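Work through the exercises below with the structure in view. Try each task before reading its solution.

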Amino acid sequence: MQLFAELATNQLRNLDSVGRWGGEEFVLLLPNTDINAAMTTAQRLLETIRGVGSTVDGAAVPLIVSAGLATTQGDESIETLIDRADQALYEAKANGRDQAIAGSALSGPSRFI
């Protein structure tokens, strides 16, 4: 958890925030960021995580991340925004993990690996 928070923080701008949302989930807040820039940030973070190794009982363990993204124009509740991001996250997990998916209020999710 601490490693992810550190790696994520290093990928963010000064005005962005990262926080633990629950269990193994984190929320990244990227103000004034469209979905393309958010996806670029997510992809950069995924690549960084893939490049970091970890060991458990002497065995190498790959680190992977699944990400669900959502953007808002500010005309919806925070609950709706988080629900869309959460739905995209579960789709990323269901589709094999180690990817980012953007949820859209207007159309279905878009996959980015």
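**Exercise 1.** In this predicted model, find the handedness of the crossing where H1 passes H2. Then list the residues that make the contact.

*Solution.* Step one: H1 passes H2 in a right-handed crossing. Step two: H1 brings Phe4, Leu7, Ala8 and Gln11 to the contact. H2 brings Thr41, Arg44, Leu45, Thr48 and Ile49. Step three: sort the contact by class, which gives 5 nonpolar, 3 polar and 1 charged residues.

**Exercise 2.** Decide which term describes the orientation of H1 and H2 to each other.

*Solution.* Packed helices are described by the angle and the distance between their axes. Here the angle is about 135 degrees, and the axes lie 10 Å apart. Roughly perpendicular covers 65 to 115 degrees, and roughly antiparallel begins over 145. H1 and H2 are therefore oblique to each other.

**Exercise 3.** Name the residues that touch the most other members of the largest nonpolar core, and the elements that give two or more residues to this core.

*Solution.* The core has 14 residues. Phe4, Met39, Leu45, Ile49, Leu69 and Ala100 touch the most other members. Two or more residues come from each of helix H1 (2-11), helix H2 (35-50), strand E5 (67-69) and strand E6 (100-102). H2 gives the most, with 6 residues.

**Exercise 4.** Is valine 18 buried, partly exposed or exposed?

*Solution.* First place the residue: valine 18 lies in strand E1 (residues 17-22). Its relative accessible area is 26%. Buried needs under 20%, and exposed needs over 50%. So valine 18 is partly exposed. Beyond its neighbours within four places in sequence, its contacts include Ala5, Ala8 and Phe26.

Definitions and conventions:
Residues are numbered from 1 along each chain as its sequence is written. This is a predicted model: local features need pLDDT of at least 70, side-chain atom pairs count only at pLDDT 80 or more; totals for chains, interfaces and linings use all residues. Side-chain values use heavy atoms; hydrogens and water are left out. A nonpolar core is a set of buried Ala, Val, Leu, Ile, Met, Phe, Trp, Tyr and Cys residues joined through side-chain atoms within 4.5 Å. Buried means under 20% relative accessible area, exposed over 50%, partly exposed in between (1.4 Å probe, protein chains only). Helices (H or I, at least four residues) and strands (E, at least two) are DSSP runs, numbered from the N terminus. Axes are lines fitted to C-alpha atoms, for helices over the stretch in contact, and angles run from 0 to 180 degrees between N-to-C directions. Angles under 35 degrees count as roughly parallel, over 145 as roughly antiparallel, 65 to 115 as roughly perpendicular and the rest as oblique. A crossing is left-handed if the near helix is turned anticlockwise from the far one by less than a right angle, and right-handed if clockwise. Contact means heavy atoms within 4.5 Å. Ala, Val, Leu, Ile, Met, Phe, Trp, Tyr, Cys and Pro count as nonpolar, Asp, Glu, Lys and Arg as charged, and the others, Gly among them, as polar.
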